[in-house]
Amino acid sequence: MNTPFPPVRIGQGYDVHAFGEGDHIMLGGIRVDHSCGVLAHSDGDVILHALCDAMLGALSLGDIGQHFPPSDMRWKDADSSRFLEHCNSLLRERGWQVGNTDITVICERPKVGPHALAMRERIAGVLGIALDAVSVKATTSEKLGFTGRGEGIAAQAVVLLVAL
């Protein structure tokens with residue numbers, strides 16, 4: 001039995017990638033210089049991957065791996081902004097849009113703060129929402145665990161969907 005949609009939906013997402021060879025990482029659709037790259041099938045943008053999972057989860061549409069499987073070579077080295085555009089289209093087709101999102105990056109390095117505004121602008125632009133509806137911030141794990149040892153990077157995203 002289907003229940004009527006409430007006027008809002010909430011979703012949460014999480015993504016992680018190990019560091020590997022390279023000279024930059026993609027974060028929030030922005031190239032950030034770094035002493036490493038990430039090991040990933042696509043561009044490995046943990047912010048956009050976590051955000052996509054949050055959006056998909058809010059409407060019970062599966063996860064990013066179901067929509068863009070790593071076994072599919074079409075997504076090899078793909079720009080994760082394409083994933084975000086696709087997820088946004090799925091929401092809008094169903095009568096929803098992102099009301100706001102709050103994203104936290106977990107890493108010791110690179111420093112996210114100097115790039116946060118550019119990331120927010122990129123995400124807001126792709127989603128077609130106001131800049132103040134996108135929050136990007138970072139925290140360290142106080143040198144604990146894989147992020148603390150500098151072995152990788154993670155991101156968490158929460159999204160509030162509102163009916164169109």
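**Notebook: helices and sheet**

I looked up α3 and α4 first: they pack at an angle of about 40 degrees, with axes 9 Å apart. Axes are lines fitted to C-alpha atoms, for helices over the stretch in contact, and angles run from 0 to 180 degrees between N-to-C directions. Helices (H or I, at least four residues) and strands (E, at least two) are DSSP runs, numbered from the N terminus.

This is a predicted model: local features need pLDDT of at least 70, side-chain atom pairs count only at pLDDT 80 or more, and totals for chains, interfaces and linings use all residues. Residues are numbered from 1 along each chain as its sequence is written, and side-chain values use heavy atoms, with hydrogens and water left out.

α3 and α4 are therefore oblique to each other. Angles under 35 degrees count as roughly parallel, over 145 as roughly antiparallel, 65 to 115 as roughly perpendicular and the rest as oblique. I then checked which residues meet. Ser-81, Leu-84, Glu-85, Asn-88 and Arg-92 in α3 touch Arg-122, Ile-123, Val-126 and Leu-127 in α4; contact means heavy atoms within 4.5 Å. This set divides into 4 nonpolar, 2 polar and 3 charged. Ala, Val, Leu, Ile, Met, Phe, Trp, Tyr, Cys and Pro count as nonpolar, Asp, Glu, Lys and Arg as charged, and the others, Gly among them, as polar.

Next I took α1 (residues 46–58) and α3 (residues 80–93). They pack at about 15 degrees, axes 9 Å apart. That makes α1 roughly parallel to α3. On the α1 side the contact includes Leu-48, His-49 and Leu-51; on the α3 side, Phe-83 and Leu-84 are among the residues. The residues of this contact divide into 10 nonpolar, 4 polar and no charged.

Then I turned to the sheet. It is open, has 5 strands in the order β4-β1-β7-β5-β6, and its pairing is mixed. Two strands pair if DSSP finds at least two bridges between them. β4 (37–38) and β6 are the edge strands, each pairing on one side only. α1 packs on this sheet and touches β1 (8–20), β5, β6 and β7.

I followed β5 to both neighbours. With β7 (residues 152–163), β5 (residues 96–106) runs antiparallel over 10 bridges. Thr-104 stands opposite Gln-156 there. With β6 (residues 134–139), β5 pairs in the parallel sense over 6 bridges. Asp-102 has Ser-135 as its bridge partner in β6.

Last, I placed α4 (residues 116–127) on the sheet. α4 lies across β5 and β6, at about 145 degrees to β6.
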